[in-house]
Amino acid sequence: MARAAGKPTHTLTTITRVHFEDRGQDFTWFDLRQTGELVTVIDCGPCQQAMWIGCVILRGSLKEGAPPAIRLKNEQTFHPLRYRALKIVKRRELVAVAV
């Protein structure tokens, strides 16, 4: 299917990768996309993508050395994650736009 003339198919966005302390859990990093005060998990690894993708983190709680406040997909309230964020790295990435 051809795209409409002049409509962008990709946009440049900022992705934040959070590296967590490793205490034997099945994930050690989250990739996040920010929307206002909330930050959504868009990828994680090396495992448990189905569990974490779509969860929301409170932006103000995202600090190196502290566990972020996270809201699971089926919950209404935020709770501290069990693992501290050790390193937070931002990168620019080209992502597809729905047309």
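Which residue forms a salt bridge with Glu21, and how far apart are the closest N and O atoms? In this predicted model, the partner is Arg84, with the closest N and O atoms 3.3 Å apart. The pair links distant parts of the chain, 63 residues apart: Arg84 lies in the loop between strand 6 and strand 7, and Glu21 in the loop between strand 1 and strand 2.

**Salt bridges**

The model contains 5 salt bridges. Side chains of opposite charge can pair when their charged atoms come close. Glu21 also meets the side chain of Arg23 in a salt bridge, at 3.4 Å from N to O. Glu21 counts as buried because its relative accessible area is 11%, which is under the 20% limit. Arg23 has 54% relative accessibility and therefore counts as exposed, the limit being over 50%. Arg84, with a relative accessible area of 36%, is partly exposed.

A further salt bridge joins the side chains of Arg91 and Glu93. Both residues are partly exposed: Arg91 has a relative accessibility of 31%, and Glu93 has 30%. Salt bridges that share partners join Arg91 and Glu93 with Arg17 and Asp31 into one network.

| Salt bridge | N to O distance |
|---|---|
| Glu21 and Arg23 | 3.4 Å |
| Arg84 and Glu21 | 3.3 Å |
| Arg91 and Glu93 | 3.0 Å |

**The nonpolar core**

In soluble globular proteins, nonpolar side chains tend to be buried together. The largest nonpolar core of this model has 16 residues. Those with the most contacts inside this core are Phe20, Phe30, Leu32, Trp52 and Leu81. At least two residues of the core come from each of strand 1 (10–20), strand 2 (27–35) and strand 3 (38–46).

Trp52 illustrates how separate parts of the sequence meet. Leaving aside its neighbours within four places in sequence, Trp52 is in contact with Phe27, Phe30, Val41, Cys44, Ile70, Leu72 and Leu81.

**The largest pocket**

Trp52 also belongs to the lining of the largest pocket, which has a volume of about 210 Å³. Among the other lining residues are Phe27, Ile70, Leu72 and Leu81, and each of these four is also in contact with Trp52. The rest of the lining is made up of Gln48, Met51, Glu75, His79, Pro80, Arg82 and Tyr83. Helix 1 (49–52) and strand 6 (79–80) are the elements that give two or more residues to this lining. By residue class, the lining divides into 8 nonpolar, 2 polar and 2 charged residues.

**The second largest pocket**

The second largest pocket holds about 150 Å³ of space. Its lining includes Thr13, Thr14, Thr16, Leu32, Arg33 and Gln34, and Val39, Arg59, Leu62, Ile88 and Lys90 also line this pocket. Strand 1, strand 2 and strand 7 (85–96) each supply at least two lining residues. The lining divides into 4 nonpolar, 4 polar and 3 charged residues. Leu32, named above for its contacts inside the largest nonpolar core, is one of the residues that line this pocket.

Thr13, another lining residue of the second largest pocket, is placed in strand 1. Thr13 counts as buried because its relative accessibility is 17%, under the 20% limit. Not counting residues up to four places away in sequence, Thr13 touches Arg33, Arg91, Arg92, Glu93 and Val95.

How values were computed
Residues are numbered from 1 along each chain as its sequence is written. This is a predicted model: local features need pLDDT of at least 70, side-chain atom pairs count only at pLDDT 80 or more; totals for chains, interfaces and linings use all residues. Side-chain values use heavy atoms; hydrogens and water are left out. A nonpolar core is a set of buried Ala, Val, Leu, Ile, Met, Phe, Trp, Tyr and Cys residues joined through side-chain atoms within 4.5 Å. Buried means under 20% relative accessible area, exposed over 50%, partly exposed in between (1.4 Å probe, protein chains only). Helices (H or I, at least four residues) and strands (E, at least two) are DSSP runs, numbered from the N terminus. Contact means heavy atoms within 4.5 Å. On a 1 Å grid over the protein atoms alone, a cavity is a set of points where a 1.4 Å probe fits but cannot get out, and a pocket is an open set with protein on both sides within 12 Å along at least five of seven lines; lining residues have an atom within 4 Å of a point. Grid points are joined across faces, edges and corners, and a volume is the space filled by probe spheres set on the points. Ala, Val, Leu, Ile, Met, Phe, Trp, Tyr, Cys and Pro count as nonpolar, Asp, Glu, Lys and Arg as charged, and the others, Gly among them, as polar. A salt bridge is a side-chain nitrogen of Lys or Arg within 4 Å of a carboxyl oxygen of Asp or Glu.
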